[in-house]
Amino acid sequence: MSGGDSEGEKAERMAFILALRQHGIRDVAVLRAMELVPRPLFVDPQLRAFAYDDVSLPIPCGQTMSQPSLVAAMTEALGVVAEHAVLEVGTGSGYQAAVLSHLAARVVTVDRYRTLVSEALARYEVLGLRNLTAYVGDGMLGMPSRAPFDRIMVTAAAREIPPALLDQLKLGGVLLIPIGKGDEVQVLVRVVKEQSGNQVRELMPVRFLPLIPGVAATL
Ligand code: SAH
């Protein structure tokens, strides 16, 4: 990325954080994490002019990255602290996981597309993010080799909560997942895993592409 630290870029980034505050994001650590990750690096070069706008943008493999206000709201709702091990399902551009990496001890993200994972890894290399890894895999199965997790965030819509994700969540842990059909408005659900059963709360309407079982055959 060129001109990443130019005066213009700095001003844009400040306006970006202000807009997030106006959207109701209050958690200072979340705002700081959003400030630390240069969204232009995660955006198609032809769309860089929109990188700091509050819009979702197309990424390779027919996928999209969420608008920043939703990334921030979901990050805030996940309630990450510095000791946490976090799993994200749906790497996409890698942006959401990069934001989480500034809040958690370590972050693992998984996507079914090889292309997306290798591009995300290249971005993490550029940014020097060492507590963050991306894998190719079926995120509906979680990441058993790296489990258990304190927090799990799914950034694709599921028809129901994949049991493997609950299995890989620690007691007291939080899972955030959009539930509904991929072509409709879904509801973002927050699950707290408790010994006596799971506490489930509906947070807000969201729109994500569907979670699709299995690893992509191409790309
Ligand atoms: N969080 C991303 C955007 C996610 S878009 C970002 O910050 O840019 C949704 C992603 O979920 C897509 O990349 C899609 O390939 C992925 N996905 C869908 N089904 C999946 C599955 N079963 N396992 C892993 N990833 C999946």
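User: Hi! Which element gives the largest share of the shell around the ligand?
Analyst: This is a predicted model, where local features need pLDDT of at least 70 and side-chain atom pairs count only at pLDDT 80 or more, while totals for chains, interfaces and linings use all residues. Residues are numbered from 1 along each chain as its sequence is written, and side-chain values use heavy atoms, leaving out hydrogens and water. Elements are DSSP runs numbered from the N terminus: helices (H or I, at least four residues) and strands (E, at least two). The largest share of the shell, three residues, comes from β2.

User: How many residues surround the ligand?
Analyst: The closest are Glu88, Ser93, Asp111, Gly139 and Ile212. In this shell 10 residues are nonpolar, 11 polar and four charged (Ala, Val, Leu, Ile, Met, Phe, Trp, Tyr, Cys and Pro count as nonpolar, Asp, Glu, Lys and Arg as charged, and the others, Gly among them, as polar). The number of residues that surround the ligand is 25.

User: How far is an oxygen atom of the ligand from an N or O atom in the side chain of Ser93?
Analyst: Let's look at polar contacts, which are pairs of N or O atoms within 3.5 Å; within protein, one must be able to donate a hydrogen and the other to accept it, and residues adjacent in sequence count only if both atoms are side-chain atoms. A nitrogen atom of the ligand is 2.8 Å from an N or O atom in the side chain of Glu88, and a polar side-chain atom of Thr155 lies 3.1 Å from a ligand nitrogen. For the ligand oxygen and Ser93, the distance is 2.6 Å.

User: What part of the ligand's area does the protein bury?
Analyst: Accessible areas come from the Shrake-Rupley method with a 1.4 Å probe; for residues, only the protein chains shown count as cover. Taken alone, the ligand exposes 580 Å². Of that area, the protein buries 98%.

User: Why is helix α3 described as largely enclosed by the rest of the structure?
Analyst: Buried means under 20% relative accessible area, exposed over 50%, and partly exposed in between (1.4 Å probe, protein chains only). Helix α3 covers residues 68-78, and its buried residues include Pro68, Leu70, Met74 and Leu78. The helix is largely enclosed because the number of its 11 residues that are buried is 10.

User: Is Asp183 buried or exposed?
Analyst: Asp183 lies in the loop between β7 (169-179) and β8 (186-194). Its C-alpha atom is 8.2 Å from that of Phe208, 25 residues apart along the chain. Because its relative accessible area is 62%, Asp183 counts as exposed.

User: Which residue's backbone nitrogen lies 2.8 Å from a polar atom of the side chain of Asp150?
Analyst: Asp150 is found in strand β6. At 13% relative accessibility, Asp150 counts as buried. The backbone nitrogen 2.8 Å from its side chain belongs to Ala85.

User: What is phi of Cys61 near?
Analyst: Most residues other than glycine have a negative phi, and most peptide bonds are trans. Cys61 lies in the loop between β1 (57-59) and β2, and at 17% relative accessibility it counts as buried. Its phi is positive, near 65°.

User: Which residue is joined to Ala147 by a cis peptide bond?
Analyst: Omega of this bond is about 0°. Ala147 is joined to Pro148.

How values were computed. Near = heavy atom within 4 Å.
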